[in-house]
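Here are my notes for a first look at this model. Please read them with the structure open.

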Amino acid sequence: MKFSNIKRAAVSMLAGLLIVTATGASAAGSLAGSKGDVRFAPYLNGNPKDECTNAHRGYVAASGHSAYATTFYSRVVDLYIICGTKLNAPSQKAAEEAALRNCQAGLKRWKVRTASGGCEIAASK
């Protein structure tokens with residue numbers, strides 16, 4: 001094999017590696033607009049004055065690691081929804097823990113119990 005063939009093959013492999021690396025780096029840049037890992041679909045009524053709907057919109061718009069926690073909604077028993085978020089945390093795990101604490105603080109603040117249990121992470125990224 002000639003030196004020029006080896007050089008051409010090496011350049012081709014490096015170019016391919018550069019393309020793969022650049023694609024991964026651009027995908028990891030911003031999480032804004034992404035719903036992330038959705039564990040269950042939260043109830044959102046679409047009312048612009050609703051705090052949980054606005055909190056979910058803020059979660060989707062956040063560019064860093066974030067989480068959205070909420071109570072489950074049962075039309076028969078529960079007439080309210082409590083939620084909590086953590087936006088732009090250092091890691092996904094930290095965001096999930098803080099969002100759960102915020103949601104549970106809402107349950108204590110409003111002194112309510114839900115038929116479906118407590119708060120759960122609906123989505124995180």
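This is a predicted model: local features need pLDDT of at least 70, side-chain atom pairs count only at pLDDT 80 or more; totals for chains, interfaces and linings use all residues.

1. The exposed residues E51 and A61 sit on the face of α2 turned away from its buried side.

2. Now turn to the other side. The buried residues of α2, a helix that spans residues 51–61, are C52, T53, H56, Y59 and V60. Viewed down the axis of α2, these residues fall within an arc of 120 degrees, so they line one face of the helix. Their cover includes β2 (65–71), β3 (83–89) and β4 (119–124).

3. Next, the largest nonpolar core. Ten residues make it up: A67, A69, I82, A89, A95, A99, C103, L107, C119 and I121. At least two residues of this core come from each of β2, α3 and β4. Helix α3 gives the most, with four residues. A second, separate core has eight residues, including F40, C52, Y59 and Y68.

4. Is L107 buried or exposed? L107 counts as buried because its relative accessibility is 14%, and the cut-off for buried is under 20%. Beyond its neighbours within four places in sequence, L107 is in contact with T71, I82, V112, T114, G118 and C119. L107 and C83 are 24 residues apart in sequence, and their C-alpha atoms are 8.9 Å apart in space.

5. Finally, check I121, another member of the largest nonpolar core. Neighbours within four places in sequence aside, I121 is in contact with R39, F40, A67, Y68, A69, E96, A99 and L100.

Key. Residues are numbered from 1 along each chain as its sequence is written. Side-chain values use heavy atoms; hydrogens and water are left out. Buried means under 20% relative accessible area, exposed over 50%, partly exposed in between (1.4 Å probe, protein chains only). Contact means heavy atoms within 4.5 Å. The arc is that of the directions from the helix axis to the C-beta atoms. A nonpolar core is a set of buried Ala, Val, Leu, Ile, Met, Phe, Trp, Tyr and Cys residues joined through side-chain atoms within 4.5 Å.
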